[in-house]
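Let's take a walk through a protein fold together. Have the sequence and the 3D view ready, and follow along as we go.

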Amino acid sequence: MRHHLDVYVTMRSPYSYLAGPRIAEIAAMETVELALRPVYPIAIRVPGFFETADPLWLGYLMRDTARVAEMQGIPFARPQPDPIVQDLETSQVAAEQPHIRRLTRLAEAAREAGHGLAFYREVSTLIFGDMGPWNEGDALARAAARAGCDLAALDNAVAADPDGFDAKIALHEAAQRAAGHWGTPLLVYRGEPFFGQDRIEMCLWRMRQNGPL
């Protein structure tokens, strides 16, 4: 049998990036059919979320992601620039969000072209993998090319119907919530949600209960 696994990620989540190598390993299993589903970050989906969060939250996030990366031997750095335009002093998220909207729509376009996971892995590595400014020169185009995509073609597809791409992303977000969670990375197997990169092994345990991997 083949196990179907939905994986929800955002283009801003460091935990989604850190889960990437393990997700890629699972996708390579012959017994697994993995569907990567890009969604917008919580900063976009829930306006004001960070402004009401405990002030300790951001500091812990930065400390924890750095040590997860160190423990797993994954290159990691703060994005240059942050995909979300946000004042880190006040946590206020800007009304205009050119980076994250473009990146998320591109991820959906790559998914539809059959290169969703490869695009996510290459671009998230470009953003978080200590590779310098991701939006300068041809860095993004080269990352897309490594994933088997033509960046210009993806951009053209999005430009032709941006609202249509947002509608498709909204469907992913609705399915994510219907499965029982809102965060990323989120693995959903047979309707059961497993939130966080530290729940991947638990998800695999559940999958093995229904057949070999």
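Starting at the N terminus, the elements come in the order β-α-β-α-α-α-α-α-α-α-α-β-β-α. That makes 10 helices and 4 strands in the protein. Helices here are DSSP runs of H or I with at least four residues, strands are runs of E with at least two, and both are numbered from the N terminus.

Before going further, a word on what you're looking at. This is a predicted model, where local features need pLDDT of at least 70 and side-chain atom pairs count only at pLDDT 80 or more, while totals for chains, interfaces and linings use all residues. Residues are numbered from 1 along each chain as its sequence is written, and side-chain values use heavy atoms, with hydrogens and water left out.

Now for the overall shape. The C-alpha atoms fill a box of roughly 45 × 40 × 35 Å along the principal axes. The radius of gyration is 17 Å, which agrees with the value near 17 Å for a compact globule of 213 residues (it is taken over C-alpha atoms, and the globule rule is 2.2 Å times the number of residues to the power 0.38). Of the 213 residues, 45% count as buried; buried means under 20% relative accessible area, exposed means over 50%, and partly exposed is in between, using a 1.4 Å probe and protein chains only.

Let's zoom in on Val 39, in the loop between strand 2 (32-38) and helix 2 (42-45). Is Val 39 buried or exposed? Val 39 is buried, because its relative accessible area is 0%. Its contacts beyond four places in sequence include Tyr 8, Thr 10, Ile 169 and His 172. Thr 10 is 29 residues away from Val 39 in sequence, yet their C-alpha atoms are 5.4 Å apart. His 172 itself lies in helix 9 (residues 162-179) and is buried too, at 6% relative accessible area. Besides Val 39, His 172 also touches Tyr 8, Arg 37, Pro 38, Glu 108 and Arg 111, leaving aside neighbours within four places.

Over in helix 6 (residues 116-128) you'll find Ile 127. Its relative accessibility is 2%, so Ile 127 counts as buried. Not counting residues up to four places away, Ile 127 touches Met 11, Ala 77, Pro 79, Gln 80, Pro 83, Leu 103 and Trp 134.

Most residues other than glycine have a negative phi, and most peptide bonds are trans. The bond from Gln 80 to Pro 81, however, is cis, with omega near -5 degrees, and Pro 81 sits in the loop between helix 4 (56-72) and helix 5 (98-112). A cis bond also joins Thr 184 and Pro 185, with omega about -5 degrees. Asp 130 is not a glycine but has a positive phi of about 60 degrees; this residue is exposed, at 54% relative accessible area.

Finally, look at strand 3 (residues 186-189) and strand 4 (residues 192-195), which run antiparallel and are joined by 4 bridges. Strands pair if DSSP finds at least two bridges between them. Val 188 stands opposite Pro 193. The two strands make a hairpin with 2 residues between them, and Arg 190 in the turn has a positive phi of about 50 degrees. Arg 190 counts as exposed because its relative accessibility is 58%.

Notes
Contact = heavy atoms within 4.5 Å.
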